[in-house]
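Hi,

Here is the structure you asked to look over. Please open it alongside this note; my findings follow below.

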Amino acid sequence: MNTVLGYLKNYKKESVLAPLFKLLEASFELFVPLVMSSMIDRGIAQKDTSYILRMGLLLLLLGAIGLVCAITAQYFAARAATGFSSKLKHGLFAHIQSLSFTEMDEIGTSTLITRLTSDINQVQNGVNLMLRLFLRSPFIVFGAMLMAFTIDVKAALIFVVTIPLLSIVVFGIMLVSIPLYRKVQASLDHVLGQTRENLTGIRVIRAFNKQEAEAASFQKNNEALTDIQIFVGRISGLMNPVTYLIINGATIVLIWTGAIQVDSGILTQGDVVALVNYMSQILVELVKLANLIITVTKAVACARRIQKVFDVTSSLHPQEPSKEQAKEAEDIAILFDHVSLKYKNAGAEALTDIHFQVKKGQTIGIIGGTGSGKSSVVNLIPRFYDVTGGKILVNGKDVREYTQKELRGKIGMVMQKAVLFQGTIRENMKWGKDDASEQDLWDALETAQAKEFVEQKEGGLDAFVSQGGKNLSGGQRQRLTIARALVRKPEILILDDSASALDFATDARLRRAIRELKENPTVVIVSQRASSIQHADQIIVLDDGKIAGIGTHRQLLASCEIYQEIYDSQFERKEAAK
């Protein structure tokens with residue numbers, strides 16, 4: 001957990017001052033029973049009113065000083081805990097952003113959300129309590145025992161027996177609880193994953209009338225989480241009753257032996273009251289320590305889960321530049337050199353021996369059946385995944401030799417799923433380029449065939465976009481994501497089936513506008529529609545992760561059986577529709 005605890009380095013002062021002030025508070029608290037003893041034996045026994053008043057004022061003074069110390073300690077502990085958790089969240093979020101799609105797929109979105117929220121909150125609570133109590137409670141427990149020895153050795157032996165018994169109970173429950181809390185958090189991950197999946201796919205669930213089935217499935221998983229929480233809760237719940245039983249038993253023995261010694265003249269009444277007060281202090285502090293251990297147990301389990309995410313490193317690392325650079329590649333924008341791809345833990349290759357090249361300024365179309373590997377091909381260009389065989393060159397340079405910022409700065413990527421963020425249209429557009437001018441935004445919208453509907457919206461560029469763009473139609477979302485990519489004026493524009501919600505006329509105008517861009521970008525279009533790519537300079541037909549044909553529309557119609565099937569089936573459906 002070195003990485004997690006490393007975020008406390010910026011709060012060294014607070015981490016020292018919080019327990020220090022707690023120790024000061026504890027020191028003053030240990031003197032209270034002695035003052036009470038003196039008040040009883042001298043003030044009350046001798047009816048000395050002035051002495052009682054002086055001792056009473058001393059108690060008030062000890063209480064006031066202790067309160068100031070406690071508030072100060074609480075301030076520093078809260079400052080360290082909240083600052084630590086804030087920096088930890090930033091650090092974990094930044095680390096997650098550095099991971100490749102491979103690691104993200106392996107860990108899972110729901111798990112990452114749990115670790116960024118619930119787990120870090122648990123660690124924050126653990127740090128807060130640790131700074132306040134990890135020195136104070138043991139100090140008072142052992143301090144009370146030592147103070148008891150100053151009063152009477154025989155009575156203090158009761159403390160010597162009681163404290164080890166309590167320690168066995170507390171630490172025994174802690175050792176049993178730690179692995180169980182890990183299971184609780186893992187089960188929470190599962191429930192959160194199902195919740196997220198259901199909320200995301202609520203329309204599909206209702207369309208297939210699966211509400212009852214999903215509710216039953218959720219109830220089953222939630223009951224499993226509840227059962228393990230109840231089980232670990234019962235074990236942790238033993239802490240307070242068992243400690244109270246031991247302490248109260250020790251208090252009974254203490255009062256019994258104390259009464260005998262008072263009767264024998266060995267102890268005074270004040271001494272017995274002081275011993276009982278010290279035992280009560282031990283009880284309170286051990287209850288606090290028990291709660292601290294429960295919280296810290298959860299925090300340690302959560303911290304280890306967070307550390308596991310930090311231990312995952314991105315598989316995408318820039319390589320040393322190759323000494324061999326092909327001269328003929330100077331006019332080649334993209335070159336796939338016998339590329340293969342196998343996803344992690346997959347049984348078979350997603351892509352096998354993909355070899356083609358795209359000249360600068362060309363438009364290339366990629367088509368194929370579902371699962372043929374179209375998205376896999378384009379995801380390799382910005383290096384979302386690393387090839388498992390062969391290499392990919394962008395402008396004659398292996399993509400692995402670029403930094404991620406440099407490579408992706410050259411590429412405008414429009415994903416299959418149109419994702420917009422809550423805010424305004426302007427804010428979403430500026431994801432493409434932070435310093436884009438007003439004219440740049442409108443030019444991109446015009447090219448993406450989105451200018452007309454944006455102008456009609458109240459506020460224009462400042463119109464509100466809800467989370468995920470839910471207040472926009474599918475076609476509007478797709479056009480805005482295309483415009484967002486165009487704002488950065490990329491050298492390579494990748495459209496991964498990003499016009500599927502557009503009608504044929506709008507799709508045709510979009511492709512024509514992209515061809516007329518003065519920047520003349522290299523365009524890669526992935527589509528299920530033959531009409532969307534038939535005017536491309538080159539079309540790649542994929543089948544089961546392999547290239548089934550490369551050529552122009554006319555060449556493929558004449559020579560590629562798969563392309564013929566795709567084209568004929570679509571135009572037959574079109575004619576039938578008429």
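Tyrosine 278 touches Leu30, Pro33, Leu34, Ala144, Met147, Ile151 and Phe159, leaving aside residues up to four places away in sequence. Keep in mind that this is a predicted model.

**How α10 meets α11**

Two packed helices are described by the angle between their axes and the distance between the axes. For α10 and α11, the axes come within 10 Å and cross at roughly 170°. An angle over 145 degrees counts as roughly antiparallel, so α10 and α11 are roughly antiparallel to each other.

The contact involves these residues:

- From α10: Met239, Asn240, Thr243, Tyr244, Ile247, Ala250, Thr251, Leu254, Ile255, Gly258 and Val262.
- From α11: Gln269, Val272, Leu275, Val276, Met279, Ile282, Leu283, Leu286, Val287, Ala290, Asn291 and Ile294.

What kinds of residue make up the contact of α10 with α11? They divide into 17 nonpolar, six polar and no charged. Leu254 in α10 meets this contact from one side, and Leu275 and Ile282 in α11 from the other.

Serine 137 lies in helix α6. Is Ser137 buried or exposed? Its relative accessible area is 0%, so Ser137 is buried. The side chain of Ser137 makes a polar contact with the side chain of Glu285, at 3.0 Å. Ser137 also touches Lys288 and Leu289, again not counting residues up to four places away in sequence.

Serine 37 lies in helix α2. Ser37 has 6% relative accessibility. Buried means under 20%, so Ser37 counts as buried. Not counting residues up to four places away in sequence, Ser37 touches Gly270, Asp271 and Ala274.

Best wishes

Technical notes. Residues are numbered from 1 along each chain as its sequence is written. This is a predicted model: local features need pLDDT of at least 70, side-chain atom pairs count only at pLDDT 80 or more; totals for chains, interfaces and linings use all residues. Side-chain values use heavy atoms; hydrogens and water are left out. Contact means heavy atoms within 4.5 Å. Helices (H or I, at least four residues) and strands (E, at least two) are DSSP runs, numbered from the N terminus. Buried means under 20% relative accessible area, exposed over 50%, partly exposed in between (1.4 Å probe, protein chains only). A polar contact is a pair of N or O atoms within 3.5 Å; within protein, one must be able to donate a hydrogen and the other to accept it, and residues adjacent in sequence count only if both atoms are side-chain atoms. Axes are lines fitted to C-alpha atoms, for helices over the stretch in contact, and angles run from 0 to 180 degrees between N-to-C directions. Angles under 35 degrees count as roughly parallel, over 145 as roughly antiparallel, 65 to 115 as roughly perpendicular and the rest as oblique. Ala, Val, Leu, Ile, Met, Phe, Trp, Tyr, Cys and Pro count as nonpolar, Asp, Glu, Lys and Arg as charged, and the others, Gly among them, as polar.
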